[in-house]
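This report covers a contact between two chains, then the fold and surface of one of them.

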Amino acid sequence: MTVSVDAITAKKLADVFDHPSKEAMLGLDWSEFEDFVAHVFESAGYAVEKVSPRPKHNVDLILHAGHIGGKVLARVEIRRYETAHIIKGRVLQFYGALMAQGNAPGYLITTSDFTKPAYEAATMSHGKVTLINGERFLRYIRYVSGTRALGAGGKAPNLTQPTIAPDLLLEAEAIPRRSVQQTKVLAVANNKGGVAKTTTALNLALVLTLRLHQRVLLVDCDGQGSLTQLVPLPKPELPSGRRRHTQTEAPTVLLRDEVTLCDYYLGRSSLTEVIRGTRFNNLWLIPADNTLTQLDNNGSLLTENMLGFVRDVHDTALVAPDGHGFDWIIFDTAPAQGFCTRAALAASHFVVMPALAEILAVRGALGGFQTAITMRQLSGVGSKVLGAVVTRYRRTLPAEQALAELTFMFNSQLSRVFTTKVPDDNKIERGHASTSRGGIANLFGLTLGPAARAYEALVKEILQYV
Amino acid sequence: MSSAVKSKPATAAQRSAAAVEQALGILGFEDSKRLSAALTIAATDRLLNDPSLKEYIRTLYEELAPKRVAATKPPKSTDVELKPVKSMEGRFRDPSAPVDPYFLLELYGPDQLKLALSRYTAPRLREGVKAVQARHPGTKPEGAGKQALIDYIVTILLPLQL
């Protein structure tokens, strides 16, 4: 039978799905909880067959590809326990049931946890049995819920996406992460465009490298390539030694044959190979161009690519061309929460959200915060939102009201709005214009405007929380 | 009975007028303007040859410098950091929804409720008043001003915490 419930139960299950907690799950009776688990797997893209009445085979649900009767992808046993841990014997029973019913693997799901021998028994099954305890199941629900709500490209819910298997969480958990002491991985993100994400990413990097002498890798994860155009790349030399560009030409524009983040995602280059030097000694860049947007939009990037990106960012073999590592890796993300942005969030230890003090930008920050929470569910660590930084700030009454809402929103998630506010400052714009023409004088330092000074203060503030 | 009123120091103009008045009395003159001019000329004539007069005038000149009072601005309520007392992880309030004082009470606790409410303007606080009145019909604020609205909300909500 497929899963069908009455309207009241459906509402109850949808509430638990939207606001999942152990208490909420235990608030369901065993039958409702089975329906709830079925609802979660349906949301994850499976066709779910409920096995009822429950036979002696210890299987409650059968997960099919596409439709009931389609290929069996997995079998599920559900145990709704308040505190009791599931023992090894139960795992072995489930293993036996799976072996008797075919090749498909199985998920043993509980609201509590498993004993150590139970985990060992699952390991011995060589992937046949996967144990999902209460904490992992909650993360799975939040990830499925968040991903489905977001849809592909952050545009609309899309239920035709590939199924989201719970194994994804285990794979993400298994990826070794850089320690924060070694390298801090920071994403600059907000669903809203035009809130100075690129300016913030660039200026944080400049303060860190020019003032604090840190080694920084900037990663342009936005197909618009704005960051790529702003970071002054080294001036290429002609073989004769003559300069290819004059000071007033545009050496920041990528040459046709230069590799970008897109080449990495297409498997044509390693992440190390797409790192470019810049005109600053301790600053490197992974550039992007509009091919990244095309790749992001055509849906060819899969979850495996995302986990691969997380793995490569956290691989200590990712070093600068001089053979030394980085103190910071900073992602500049695209406004739409597409694949590349979600990959950057999944790979980051921390997130900083630039926001304008206006109500639409606050809503954008809300979306960004929800995406960060969704991506944190993958591995259970990282994507910690350090806070919002108000950019292009001018003190007006509507701005103060928007700022109040922003503060309440971030505080409710135990985050904050940074005390430092970046004022509206046309010196920043002039710096950008200058840089895109190939100069660096106005970028930072020589004409240090109020916004640049604010970014210095912001870095000090950020350092208190990392 | 001793006076507790502290008198302000005289300004340069007040001291100048008092000095001319005193000189008029000593010399028995009546035209204060003419005497003021005569005093200035006499002092200037003596100035080159009388170092003590020179020093005396220098001291008076310093004394008559306008006093600058350092401006001490009280901190704005928005500069005081609010500290949440509860995490609502995953539960988000719509930022464009009407003000919800119950949300703020839950988030910041009774001690910071007033401070949190003070971030709103009076028109927005009136949204919060409506939310409170919906749960406490028959109650109303004692005034229409921002402070009266905050006081009303706090008076109704804080006993709920006890």
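Between them, chain B and chain A bury about 2100 Å², of which 58% lies on carbon and sulfur atoms; buried area is the accessible area (1.4 Å probe) that two parts lose on being put together, summed over both. The model is predicted: local features need pLDDT of at least 70, side-chain atom pairs count only at pLDDT 80 or more, and totals for chains, interfaces and linings use all residues. Residues are numbered from 1 along each chain as its sequence is written, chains are lettered from A and ligands numbered from 1 in the order in which they are written, and side-chain values use heavy atoms, without hydrogens and water.

| Interface item | Value |
|---|---|
| Residues from chain B in contact | 25 residues |
| Residues from chain A in contact | 22 residues |
| Salt bridges across chain B and chain A | three salt bridges |

One salt bridge joins Glu405(A) and Arg124(B), with the closest N and O atoms 3.0 Å apart. Helix H4 (residues 101–108) of chain B supplies four residues, the largest share of the side of chain B that touches chain A.

Chain B has seven helices and zero strands, where helices (H or I, at least four residues) and strands (E, at least two) are DSSP runs, numbered from the N terminus. Leu27(B) lies in helix H1 (residues 12–27) of chain B. Leu27(B) counts as partly exposed because its relative accessibility is 46%, between the limits for buried (under 20%) and exposed (over 50%; 1.4 Å probe, protein chains only).

Notes:
Contact means heavy atoms within 4.5 Å. A salt bridge is a side-chain nitrogen of Lys or Arg within 4 Å of a carboxyl oxygen of Asp or Glu.
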